[in-house]
Amino acid sequence: MPGRHITDHQMRLFMNNRKNDPIAVAAAKAGFSTATGYRLLGQVKLPSQAKAPRERRRPDPLSGIFEAEVVPLLESAPGLRPIAIFEELRRRHGDLSFGSRRTLERRIRSWRALHGPEREVMFRQVHEPGRLGLSDFTAMADLGVTVAGEALEHMLYHFRLIYGGFEHAHVILGGESFVALAEGLQNALWSAGGVPLLHRTDSLSAAFRNLETQARADLTRRYDALCEHYGMEPTRNNTGIAHENGSIESSHGHIKAAVRDALLLRGSSDFADLAAYRRFIDEVVTARNRRHTPSIDVERRALRPLPDMRTTDYEEVLVTVTSSGGFTLRKVFYTVPSRLIGHRLRARLYDDRIDLFLGGTRLMTLVRGRAGNNGKHGHVVDYRHVIHSLRRKPMALMGLVYRDSLFPRDAYRAMFEHLLEHEGERTACRIIVDLLAMAHERACEAELAGLLKADLAARRSPDIASLRARFSPDPAGLPEVVVELGELASYDSLIGWGEAA
C-alpha cells in the first residue's frame, strides 16, 4: 500500500514466490505493487538490514557525567535508587534538565544488567498433594467493614493447601497470636477433612513481639505440641522473607479482592452482628473453593486422618476477683457477679471471648476486650453486675473509672449528660442509677432506651414514677393459679395398675 514500508516478511514471501510465479503474481501475493517487485529484484539485503543505524538526534545530556559520577555511585551503593542519583546530579549540575531523568534511568538499568550485582532467583516448586499447608494473617481494615454501624477492626486468619488450592478464612478480632493461630488452624483442618504432612507459618513473628525469652520458648513449645497433636511437622520461613510463604501471600490479595467484590454486590459493608459477617466470609471462601473442587478432592484423598478430638485452642490464666467486682487481664478490666469477690477463677482466653471457670464449673462467657493503642486500659462492664451496689452509692457514678463503659446503650449515656447539664450531679446520678436498675429488674433495657430517646428529642427529663408504673406488672393482669390436690386413693389405683401389669 502507498506510504507503507516493505517488511522483511514481505520480502521473503516475494522471493520465495518469485521462484515459480511471474513478478506481478509474486508481488501481489506479497502485498505490494508490480513496480515495487521489479525494484526489489536488485536488492540483496532485507529491508531491516538496509536501514541506516539511528543516530542521536540531540546532544547527550549525560555526556561526561555518567561514567565519571554515576558509575562510582552505583559501585559504592548498589541499592541506590535512580531517582536519588538524579536528584544528586541536579544538585551538582544545576543546568541538567528535568527531562533527562528517563535517559538516566534507562542507562542505569542497562549498566546494572551488565555490571550490577547478582539478583535473587526464585525457584518454582513442584507440589505434591497432601504435603504442605500454609498459615498467615492478613489485615482487612481497608475494606471498611462495620458491625451495627461501628467500624470492625479485624484481621483474617488464612489457611491454604498448596496442591489443591483449598482455603479457609477465620475472622480475628485481636492481632496475630498463638490463640488465633490455634483456633483458625484447627477450624481449617477439620473443614478440610484431613491433615497435611507439613505446616508452615511466618515464624510467628507478630505473636512473639514484646514477649520475654521464657514466654517465647513457651509459645514455641505450645505451637510444636499443637502440630504434634495433628501429626504435622512444623516448619517456618525465614524472618522477613515473605516470598517463602508466597503461595499464601499472593492468595491474600485474591481473597481480599473476592471479599471486596462480594461487599459491592451485597450493596453494603455493614452487618447486623459479628456472626453475620463471619457467615459472609464463609460464603465467599466456599465459593472460591468450589472452583477448585477436582484438585481439592485429589488432595483430600492424600491428607492424613484427623485425630479423635481437637486440642486446646485457648490460653488459660488464673485471675482473682477483687473488691471492685471484677478482675484485670491483659490491661482490660472485666466485671463479674459480686458474689465471686475474693475467688480465684480460671480464665480461658480465646480470640473473641473469655470462658470463666470456678473449679471445674463453667460460670459464664465474657466478650474479650482489647486495650487501647495508646496503652490505655480497656473495660468490659455489665451494669447488671454492679447495679445493686451502685443503688446504695449513686454518687460513685461521677468519678467511676469505667463510667463510659457502664451504660448499655447510647441513650442512657446521652440522658446522663442531659441530666448533668439541667439537673445537677446529685439528681443526675440518682435518676440514671434508677433507670439502670429498672432496665435490669424489669428486663426492659431496649424499650426503656427508646423512651429515653424520645425524652431527649423533647429535651425533657424522664419521669421516674410514670416509668415505674409503665414497667411494673399489673396485678389485675396476673393469672390466678389454683392448685387442686388429688385424693390419695387415686395413687393406690395407680400402684394396683402397675402390679397388675
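Alanine 443 sits in the loop between helix 17 (425-441) and helix 18. Helices here are DSSP runs of H or I with at least four residues, strands are E runs of at least two, and both are numbered from the N terminus. The model is a predicted one: local features need pLDDT of at least 70, side-chain atom pairs count only at pLDDT 80 or more, and totals for chains, interfaces and linings use all residues. Residues are numbered from 1 along each chain as its sequence is written, and side-chain values use heavy atoms, with hydrogens and water left out.

Phi of alanine 443 is positive, near 55°, and the residue is not a glycine. Most residues other than glycine have a negative phi. Alanine 443 counts as exposed because its relative accessibility is 69%. The classes are simple: buried means under 20% relative accessible area, exposed means over 50%, and partly exposed lies in between (1.4 Å probe, protein chains only).

Alanine 148 also has a positive phi, about 55°. Its place is the loop between strand 2 (146-147) and strand 3 (150-151). With a relative accessible area of 56%, alanine 148 is exposed.

Now the whole chain. Its secondary structure comes to 20 helices and 15 strands. The C-alpha atoms fill a box of roughly 130 × 80 × 55 Å along the principal axes. The radius of gyration is 38 Å, whereas a compact globule of 501 residues would have one near 23 Å. That radius is taken over C-alpha atoms, and the globule rule is 2.2 Å times the number of residues to the power 0.38. Of the 501 residues, 38% count as buried.

Next, charge pairs. Side chains of opposite charge can pair when their charged atoms come close. A salt bridge here is a side-chain nitrogen of Lys or Arg within 4 Å of a carboxyl oxygen of Asp or Glu. The count by this rule is 27 salt bridges.

Start at helix 18. Glutamate 445 and arginine 384 meet there in a salt bridge, 3.0 Å from N to O. Glutamate 445 lies in helix 18 (residues 445-457) and arginine 384 in helix 14 (residues 383-392), so the pair ties together parts that are 61 residues apart in sequence. Glutamate 445 is buried, at 14% relative accessible area. Arginine 384 is partly exposed, at 38%. Arginine 384 also forms a salt bridge with aspartate 382, with the closest N and O atoms 3.1 Å apart. Aspartate 382 is partly exposed, at 23%.

Another pair joins arginine 362 to aspartate 355, with the closest N and O atoms 3.6 Å apart.

Arg54, Arg56, Arg57, Arg58 and Arg106 form a positive patch. Patch residues have over 30% relative accessible area and no salt bridge; like charges are joined within 9 Å, and nonpolar side chains (Val, Leu, Ile, Met, Phe, Trp, Tyr) within 5 Å. Lys and Arg count as positive and Asp and Glu as negative, with His and the chain ends not counted. The place of a charge is NZ of Lys, CZ of Arg, CG of Asp or CD of Glu. Arginine 54 is found in the loop between helix 4 (47-50) and helix 5 (66-76). Arginine 54 counts as exposed, because its relative accessibility is 65%.

Conventions
Accessible areas come from the Shrake-Rupley method with a 1.4 Å probe; for residues, only the protein chains shown count as cover.
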